[in-house]
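Notebook open, structure loaded. I'm jotting down what I look up as I go.

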Amino acid sequence: MRAARGITSRAHPLWVAYVLHRLSGLALALFLPVHFYILSLALTDPARLDGFLSLSLGGAVKAAEVGLVFLLAVHMFGGLRLMALEWLPWQPAQKTVAAAATAVSFAIAVLFLLRAV
Amino acid sequence: MSDASHRVTIERGPDGDAVPQVFEVPAQDNQTVLDVVSWIQQHVDPTLSYRFACRVGMCGSCAMMVNGVPRWTCRTHISKVVKGGSVAIGPLRNLPVIKDLVVDMDPFFDKWVAAEGVHHGTRTRDDPIAPVDAGSAARVAADAGIECINCSVCYAACDTVAGNDAYLGPAPLLRAWTLLNDAKDEGRAAILEAVSGSGGCHNCHAMGSCTAYCPNALDPMSAIAGLKRETARAFFRKGG
């Protein structure tokens, strides 16, 4: 392993927040076409849509939805954090803001889970 | 592994074919990473190349990668970084390696100049010195960044630099920010022009590695955010 290329130089909260924002964005970009395809079934094939909607009551899909809600929330709050960082007067506690954005996203996902079960 | 010695892996050779070489170095009290590298050069292999000058954290010439983290080696105690008796030392990341632990700092200093990190004076020696209000917000912002020692630790830590050769990087942009806030500097337009180009401040993804690893506890990330605000403000003032 090259010492110069080890991952350790990135193991700090704001880098993790950066990666979380990028990965959540990528995952949402992959999800959206599927989402729109399913919605389009309402026009093209309502019977298949009904079949899928009944499937979505299952536990596995609910669990996936919790993940999706977390991705949406963490991407939104992460994006708001970056906009605040770049546009509002400088706030020294950037790590706290990043942690708060993640915590609020997690709370929203848990709230969704509690309502789903 | 006894406490009496450290097992030191050093990446040697020019970039691309660096070969890790392991040395046993006697442990001493208050031993810095630079002391360890110097011991190897003085007692085992005089061909080991590395760079240092002041040994007290002033000159910014001894930065290296230590266990994957860019550090000023003269002010880093080996006891803080050694893991299980071992430590890995390599040349600074994001800069061309000349030999062993010596990197070519030219790209870094070139970007310093490209970011207009130079004094833009308009007065002559016959003019009075520009008044500096020590308590003004601009001066406080400038003061917060002027202790940079050009060690390139932030530049080595930055993944945006790693992915984009054109990006000016944290230290040059920090210097641009201090000059932008300096009452004695008249280069505002030139600085904003320089830092808003394709390699400018808007490339920054706010990963914060520069601020996390700056040995002088400076905050290039906030300076770059400041430049983003100022360049945007200048853009909208001009009407696009």
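What percentage of the 240 residues in chain B is buried? I get 46%, where buried means 20 or more other C-beta atoms within 10 Å of a residue's own, exposed means 12 or fewer, partly exposed is in between, and C-beta atoms are placed from the backbone.

**Ground rules**

This is a predicted model, so I note that local features need pLDDT of at least 70, side-chain atom pairs count only at pLDDT 80 or more, and totals for chains, interfaces and linings use all residues. Residues are numbered from 1 along each chain as its sequence is written, while chains are lettered from A and ligands numbered from 1 in the order in which they are written.

**Confidence**

I checked the scores before anything else. The predictor gives the complex an ipTM of 0.80 and a pTM of 0.88. For chain B the pLDDT (the predictor's confidence in each residue, from 0 to 100) averages 93, and 97% of the residues score at least 70.

**Chain A**

I looked up the secondary structure: four helices and zero strands. Helices here are DSSP runs of H or I with at least four residues, strands are runs of E with at least two, and both are numbered from the N terminus. Along the sequence I read α-α-α-α for chain A. The radius of gyration of chain A, taken over C-alpha atoms, is 18 Å, well over the 13 Å that the globule rule gives for 117 residues, so chain A is more spread out than a compact globule. That rule is 2.2 Å times the number of residues to the power 0.38.

For the box, I have the C-alpha atoms of chain A filling roughly 55 × 40 × 30 Å along the principal axes. Of its 117 residues, 21% count as buried. Among contacts in chain A with a separation of 6 or more, 79% are between residues 24 or more positions apart.

I picked one residue to look at, Ala84(A), in helix α3 of chain A. Is Ala84(A) buried or partly exposed? Ala84(A) has 16 other C-beta atoms within 10 Å, so I log it as partly exposed. Arg48(A) is 36 residues from Ala84(A) in sequence and 43 Å away in space, C-alpha to C-alpha.

**Where A meets B**

I count 18 residues from chain A and 25 residues from chain B in the contact. On the chain A side, α1 (13-44) and α3 (59-87) each supply at least two residues. The largest share of that side comes from α3(A), with four residues. By class, I find ten nonpolar, five polar and three charged residues on the side of chain A that touches chain B. For the classes, Ala, Val, Leu, Ile, Met, Phe, Trp, Tyr, Cys and Pro are nonpolar, Asp, Glu, Lys and Arg are charged, and the others, Gly among them, are polar.

**Chain B**

Chain B has ten helices and seven strands, and its C-alpha trace spans about 65 × 35 × 30 Å along the principal axes. I put 64% of the chain B contacts with a separation of 6 or more down to residues 24 or more positions apart.

The domain assignment (automatic or from a database) gives domain 1 (5-103) and domain 2 (106-238) of chain B.

**Core and two residues**

A nonpolar core here is a set of buried Ala, Val, Leu, Ile, Met, Phe, Trp, Tyr and Cys residues joined through C-beta atoms within 7 Å. The largest one has 81 residues, and among those touching the most other members are Ile89(B), Val153(B) and Leu173(B). Helix α7 (residues 170-180) of chain B gives the most to this core, seven residues. Domain 1 and domain 2 of chain B each contribute at least three residues to this core.

I followed Val153(B) out: leaving aside residues up to four places away in sequence, its contacts include Ala63(B), Trp72(B) and Tyr213(B).

Last stop, Ala142(B), in helix α4 (residues 137-143) of chain B. With 21 other C-beta atoms within 10 Å, Ala142(B) is buried. Beyond its neighbours within four places in sequence, Ala142(B) is in contact with Thr178(B), Asn181(B) and Asp182(B).

Note on methods
Contact = placed C-beta atoms within 7 Å.
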